[in-house]
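Please keep the sequence and the structure in view while reading.

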2 protein chains.
Amino acid sequence: MARKGLLLILSSPSGAGKSTLTRRLMGWDATMRFSVSATTRAPRPGEVDGREYYFRSRAEFEAMVDAGQMLEHAEVFGNFYGTPRGPVEANMAEGCDTVFDIDWQGGQQIRNSALGRDVVSIFVLPPSIAELDRRLRGRGQDSDEVIAGRMAKSRDEISHWAEYDYVLVNDDLDATFTRLTTILEAERLRRDRQPGLSDFVRGLNREFDAR
Amino acid sequence: MARKGLLLILSSPSGAGKSTLTRRLMGWDATMRFSVSATTRAPRPGEVDGREYYFRSRAEFEAMVDAGQMLEHAEVFGNFYGTPRGPVEANMAEGCDTVFDIDWQGGQQIRNSALGRDVVSIFVLPPSIAELDRRLRGRGQDSDEVIAGRMAKSRDEISHWAEYDYVLVNDDLDATFTRLTTILEAERLRRDRQPGLSDFVRGLNREFDAR
């Protein structure tokens with residue numbers, strides 16, 4: 001039966017496994033689409049425009065906001081980040097789910113937008129702060145100062161856990177991924193995500209009539 | 001992590017597989033509890049008081065209603081049916097889920113009770129009315145007149161499908177059972193069903209403080 005695409009908001013502090021979970025989710029099901037954010041920050045080595053982010057100038061970004069083309073946007077560490085609306089609406093119409101790798105500010109804005117009813121929000125917590133620290137340092141690409149800044153942002157991010165529909169503690173990546181897909185499978189079975197049901201029940205009633 | 005028990009309302013027309021699904025659910029997980037209804041109808045052969053139903057006189061039933069001991073009750077085909085409140089509240093406190101094998105009237109009342117936020121409601125549709133008819137006749141224990149009455153009740157029951165959180169079309173019993181347990185596993189991961197999360201996050205904050 002055809003279904004209506006949902007919007008999966010996956011938030012967590014940096015280092016809690018969100019990016020890995022998101023990447024695995026993209027390979028899990030052909031109907032998963034990743035929402036590529038737009039940003040005014042400079043590309044990091046290896047990042048490609050339109051893949052990790054749409055890299056835009058400040059003027060370009062502001063023009064998109066003014067034209068109502070952003071579903072949400074926010075300023076973080078002096079750079080703008082935002083979600084272009086068009087691809088999200090196209091995914092929904094095609095029966096595909098859109099995955100958002102965004103922070104609590106973006107999550108709040110999308111939940112409170114016209115598309116709020118289509119949102120499923122999941123917060124991923126680290127098993128401990130010691131483990132979060134270990135994972136952040138394990139990347140080996142950031143200075144102590146950058147890591148201290150990320151830890152402060154992590155604390156701020158974690159403080160918003162209670163705004164999410166579901167909460168997962170990522171103490172084991174495979175188990176957490178299974179829980180994530182279980183939530184998606186269940187959410188797809190919600191009545192309001194199965195637009196074909198009305199016609200199906202009309203068919204049952206025609207059968208009753210014909211008896 | 002400790003969890004808060006949920007109330008699973010499973011409704012469907014007679015013959016759509018609800019009783020079989022309920023029975024399998026009871027063996028699926030040690031924390032599933034079946035809500036035994038009270039009724040004023042006479043026991044059928046093989047039915048045991050306290051197992052299929054609490055069989056009560058009309059006077060006894062009315063006394064329970066007057067004392068506020070019924071979570072919901074209704075009259076169907078001249079008999080009273082109702083859900084005793086005490087066992088449901090005990091299950092929730094123990095972190096066990098309660099499964100209700102009730103019709104739309106009972107479902108409506110429980111959803112609109114003080115326990116409504118703890119309800120997960122699932123409607124099971126038959127793949128076709130021809131198949132529903134076949135399953136009803138397959139039991140071989142009811143007269144044509146009784147079956148005609150059940151089919152009329154089925155149509156009435158099906159008309160309430162849009163009041164439920166989830167809808168499953170039972171075209172394959174094993175697949176439907178898997179979907180049912182997927183919904184339960186996901187619903188248990190909802191933030192408000194994990195009462196230990198507040199303490200867990202307090203622990204993370206103590207770790208931040210200690211850095």
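In what order do the four strands of the open sheet in chain A stand, and what is the pairing? In this predicted model, the order is E4-E3-E6-E5 of chain A, and the pairing is mixed. The points below take up the sheet, then its hairpin, and finally the interface of chain B with chain A.

**The sheet in chain A**

- Within the open sheet of four strands, strand E4 (53-55) and strand E5 of chain A each have a single partner strand and stand at the edges, so one side of each is left without a neighbour in the sheet.
- From one strand to the next, the twist averages 25°.
- Although E5(A) is an edge strand, this strand, which spans residues 70-76, is mostly covered, with five of its seven residues buried.

- Strand E6 of chain A (residues 79-84) runs antiparallel to E5(A), and six bridges join the two strands.
- Two of the residue pairs can be located along this pairing: Glu72(A) stands opposite Thr83(A) in E6(A), while Val76(A) stands opposite Asn79(A) in E6(A).
- E5(A) and E6(A) form a hairpin with two residues between them, and in the turn Phe77(A) has a positive phi of about 50°.

**Extent of the interface between chain B and chain A**

- The contact takes 42 residues from chain A and 42 residues from chain B.
- About 3,700 Å² is buried between the two chains, and carbon and sulfur atoms give 65% of this area.
- On the side of chain B, Arg155(B), Arg191(B) and Phe208(B) supply 18% of the area that this chain buries against chain A, which is more than any other three residues supply.

**Polar pairs and contributing elements**

- Six salt bridges are counted between chain B and chain A, and the interface also shows 24 residue pairs in polar contact, with both residues at pLDDT 80 or more.
- In one salt bridge, the side chain of Arg190(B) meets that of Glu187(A), at 3.1 Å from N to O.
- The elements of chain B that give two or more residues to the side touching chain A are helix H5 (129-138), helix H6 (144-158), strand E9 (166-169), helix H7 (173-187) and helix H8 (197-210).
- Of the elements on that side of chain B, H8(B) gives the most, with nine residues.

Terms used
Residues are numbered from 1 along each chain as its sequence is written. Chains are lettered from A and ligands numbered from 1 in the order in which they are written. This is a predicted model: local features need pLDDT of at least 70, side-chain atom pairs count only at pLDDT 80 or more; totals for chains, interfaces and linings use all residues. Side-chain values use heavy atoms; hydrogens and water are left out. Buried means under 20% relative accessible area, exposed over 50%, partly exposed in between (1.4 Å probe, protein chains only). Two strands pair if DSSP finds at least two bridges between them. Axes are lines fitted to C-alpha atoms, for helices over the stretch in contact, and angles run from 0 to 180 degrees between N-to-C directions. Contact means heavy atoms within 4.5 Å. Buried area is the accessible area (1.4 Å probe) that two parts lose on being put together, summed over both. A salt bridge is a side-chain nitrogen of Lys or Arg within 4 Å of a carboxyl oxygen of Asp or Glu. A polar contact is a pair of N or O atoms within 3.5 Å; within protein, one must be able to donate a hydrogen and the other to accept it, and residues adjacent in sequence count only if both atoms are side-chain atoms.
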